[in-house]
Structure formats: C-alpha cells, structure tokens
Amino acid sequence: MGQIKKVLTAAYRTTEGVSDAVIDRFIEPRVGLLDQLMAEAHHLIEGRRGTGKSTILQVLRHRALEQGIPVAFVDMEKHKHRKYPDVLVELLIDVLGGLSPKAPWWAVFGKRRSAKREFDRILKSLHQILGDPDSISREVARVAGRTASGKGSVKATVKDAVGVDAGIGRESSKSWAEAGSAEFTKIQRLRDLAPRLSKLLTRLVSETTAQRSIIFVDDFYYINTADQPHVLDYLHQVCKGTSVWIKVCGVGSRLRPYNDGNPPVGMEPGNDIFRLGLDVTLENFLPAKRFLERIVEGILAPLDFKITDVLSETARERIILASGGAVARDYINLIDDALDIALQQNQKKNEGTARFRIGTEDIMQAARNRLNKKEEEDLTTDAQENHNALRSRWQHVQKFARSKDNTQFVLFRQEDLTETTWGAEVQQLQNLRLLHRITTAVPNAANWRGVKTVVMMIDLASVARQRLNQEIIPFWKRQAEMDRLRRAEWVYSPDFDHVDAAELEKPAKKTAKKRPSGTEEAEPTLFDVP
C-alpha cells in the first residue's frame, strides 16, 4: 500500500523538473501527436483539466533540448491575477530568460557581443516598464535656431588729413523653442520596443545550430480571457518571421486566442495558430480505458504490479465513467483514494487477509469524496469570473436530472450549445469534468426527427446516493445500449422548472362525473389532472 501510494502521488501532477522516468513511460493520447507538435508551426493545445497538457509540454521540452533547440518554458499559474499589460511584460521577461545567450560575456566578441548588449538593454527596459506606473509623463522640448551675419570695413585716407576708418556690417538671428510634457503608457512603450525585440529574437535564433527556438506557455487560461488575444497578438508580432514557434496550452473553454474586431486582435485558429485537442471522452470509452490503464501500469511497473492486481473487472469500467474519459489526473486520484477506502472496508470485515482489490463501491465512494473539490476549488479556479454563473447552471442541470427519475444522462440540443449563453456554460461544465460527453444522437420521438443532440453524462458522484447501486446503461458495449440514451424526455430545457410551475398554476380541467342520486357534487381537487 505504502509503495503504491508513493508512486501514485509522485505521478499526480507534472512539474517543471520532470524526471527521466516520466519521460520514458509517457504514452501519447494518439499516435504521432508529439511529432505534430514539434513541427515548425504555432499550436494551441486544448484539453480538460487533468488530461496531461503540462506533461506533454514537458516531454516536448525534453525532446527539443535533446535536438539542440533553445526553449523558453513559461508557467502562467505563477503570473495569475496579474493585470494586462504587466502579465505580458512578465511573460516576455521569462521568455528572454529561457532564450538568453549561453556563452559567458568574456567569450563573446564582435556581433555576438553586440547582440548580448542589445539583449541586456531590452531586458532592462522590460524590468523598467514593469516597475513603472501605468502611465508616465516625460518632458519634451524642441529647439531650433538660425543665425546669419556679415561684416565689412572701409578704410579711407585723405591727403593732408587724418585717416578715417569706417566700418559697415549686417547681423541677424532667429531662434525658437517649444517645451511641454507627453504621457507614455506601458502599452505604447511595449509597442515601441516590439521591433527591437523581434530583431533580437532573429539574431538569437541565427546563432543556434537548430536555427529555430520554441516558446512553451503552460496554463494560458490563467490570463484574463479578455486580455488573452492582446497577449497572443504581441507574441505573434515579435515572433513573426523569426523562426521562434509558440506552443500554448490550457483548458479549452477558457482560451480566447482571437478577437475578430476592427482591427482583429490575437492569433486566428486555423490561420495563425493550429488547434489540437487532447480530450478522449466517454465517446471513445474503450480507447480511454486502454490509455489510462497503460499509464498506471507504467507507474506501477517498478513495483511489479499490474492494473488487474489493483482493480476488479467492474471497478475498471466504473472508474472510467467516474473519470469522465481519459482524464489521467482524476483516474490516478480515484485509485489513490479508493485504496484507503478498500483497506478500511477490508479491516471492518475482519477477513484476516492482507490481499484485496478495489471494487466498484470503493470507486463510487472515492468519487463522492472528490466531488466537493471539483465543485469548489476547480470550478472557482478555472472559471474565475464566471464561476457564479457556472455554479448556477450546474445546479440547474442536476435539478433537471432529478426531475427525470434521477437520470444520469442529459441531452442538449447541438444548436443550443453553440448559439446560446447557457450552452456555452454547459460546454464549460464539460471542460470542468462535471459533465461528460458520450455521443451525438437524434432523440427517439417523431417531433425531434432531424434534431441533433449531444448526450452527456452527469458526474457520477453527483447522482443521489440511493441510485448509485443501480445499473448504469453500458452504452460502451453495444449499439443497442447506446440507443437507450436517445430518450426525448431527457432533452434539457433551461426553463423546464418554470414551465412545470406554470402547468401547476393552470386551472384544473373539469370532467363530468356521474353522481349517485341524492348526493351533493364533490368539490374539485387542486390537482385534478393526472
């Protein structure tokens, strides 16, 4: 138990100082992903929290350094809650710190020494901008002058008279001066610095054997969403044509790389930067299961354990549902917590055996224990300014599910998800692993013919305790089971509770009832309609 929990804890989260063992046991979510990301192109890497984005960046960083490619790695979590443009300045300082010339100053001569001096000047300017107030005032003076002069002399001598000297001349001057003050903002100063920074990056790349460099920006979503296009716009401006390539990653629903305004700002996906999604959802249940089990078996390999030694067969399926697909961090955490629960249950039963495996109930209990973290810590951290709206939407979706006999599955019209504000909130709940996508389907009712919906599963831990032991539709086993999810009554409506309340407020329909003779008419009941 102790050794298993030790290796699981070490693998819980990737840090910058990742070990060679992590690099060696790395599993690609899909074949060829690393080669694709090493290409000379800008990439936007999207995925839910815990899907391995940071691990992939560290593996790419390791591979780039092996190939002699200079890299700068920036963890934006270290700069969260920083306002724009300070967050951009701090990012640029980190970038230059990663791409700085490695040769000692005394070994740099000629052009290299010139580049080093320019590097130091720009870095000093960035630190100066960061330390200054948002706007500074500078005295500005303009002076111009013009002077013209000419001198001559005449000397005349008169016989028998005193000599006379006479001088004639011309001298004129014209001068003027203007003085005043001008305001300079940090953004203006950064714009003035951009051409010099771009030339510096070009010179730094030219001195490398690889003739290119890479900037990795992890957890980009910690930058305020409204500021993200401006940060990427500046990075793109200074990196364009320099052979410096940008690899940005973050939670998909919290990334806003481009603002199509006038003029447009940012990096346009598909044009300036290419999107790459890492999510393997419940829609690909079996590939997600194989992927996660290979990861854990790599972690347990030094202990000579296999996944079948740790999890029962049914628990191996239930933990995929509880993880919402290939979310490695949730999967590892659930195993870690379920180990403690299984041990406690084993001790309570007094079975007298030191050998046990994690069962389905252990997984469900571990999932329930982790739900509060998802709802409180992760939702607040990832959603930031939108967390109140997302919390309300999450509670409303759960209320809808309870009103439908505690269903674990909810359908959303595809059009609503892309064209409404509440639909965007549902997609963010999916990125927060509170809703898990399963498939796209048309509900099995005549009036829904041709209407596409997205089937999602509510996080298992949120389902009522008394329903957890009931069978979950095994949609991953055969198409017939998948078709059971196409129930029209499971299609979510944002005003379902208001509609139901209005129906209750309608007058009860009067029905003609045959009364026995000599009896009074019975008063109608409040809920006369079944």
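Helices (H or I, at least four residues) and strands (E, at least two) are DSSP runs, numbered here from the N terminus. Residues are numbered from 1 along each chain as its sequence is written. The model is predicted, so that local features need pLDDT of at least 70 and side-chain atom pairs count only at pLDDT 80 or more, while totals for chains, interfaces and linings use all residues; side-chain values rest on heavy atoms, with hydrogens and water left out.

Five strands form an open sheet in the order 2-5-6-1-9, with parallel pairing; two strands pair if DSSP finds at least two bridges between them. Strand 2 (71–75) and strand 9 (274–277) are the edge strands, each pairing on one side only. On average, neighbouring strands of this sheet are turned by 15° against each other, direction ignored; axes are lines fitted to C-alpha atoms, for helices over the stretch in contact, and angles run from 0 to 180 degrees between N-to-C directions. Within the sheet, strand 5 (residues 213–218) and strand 6 (residues 244–250) pair in the parallel sense over 5 bridges. Ile214 has Trp245 of strand 6 as its bridge partner.

Helix 8 (residues 228–239) packs on the sheet and touches both strand 5 and strand 6, contact meaning heavy atoms within 4.5 Å. The direction of helix 8 makes about 160° with that of strand 6. Helix 8 is largely enclosed by the rest of the structure, because 9 of its 12 residues are buried, that is, under 20% relative accessible area, with exposed meaning over 50% and partly exposed in between (1.4 Å probe, protein chains only). Among the buried residues are Val231, Leu232, Tyr234 and Leu235. The buried residues of helix 8 pack against elements including helix 5 (86–99) and helix 7 (186–206). Just after helix 8, Gly241 takes a positive phi of about 75°.

Helix 11 (residues 313–323) is also largely enclosed by the rest of the structure, since 8 of its 11 residues are buried. Arg316 and Arg318 are among these buried residues, as are Ile319, Ile320 and Leu321.

Asp35 lies in helix 3 (residues 33–37). Asp35 is exposed, with a relative accessible area of 55%. The side chains of Asp35 and Arg63 are joined by a polar contact of 3.1 Å (a pair of N or O atoms within 3.5 Å; within protein, one must be able to donate a hydrogen and the other to accept it, and residues adjacent in sequence count only if both atoms are side-chain atoms).
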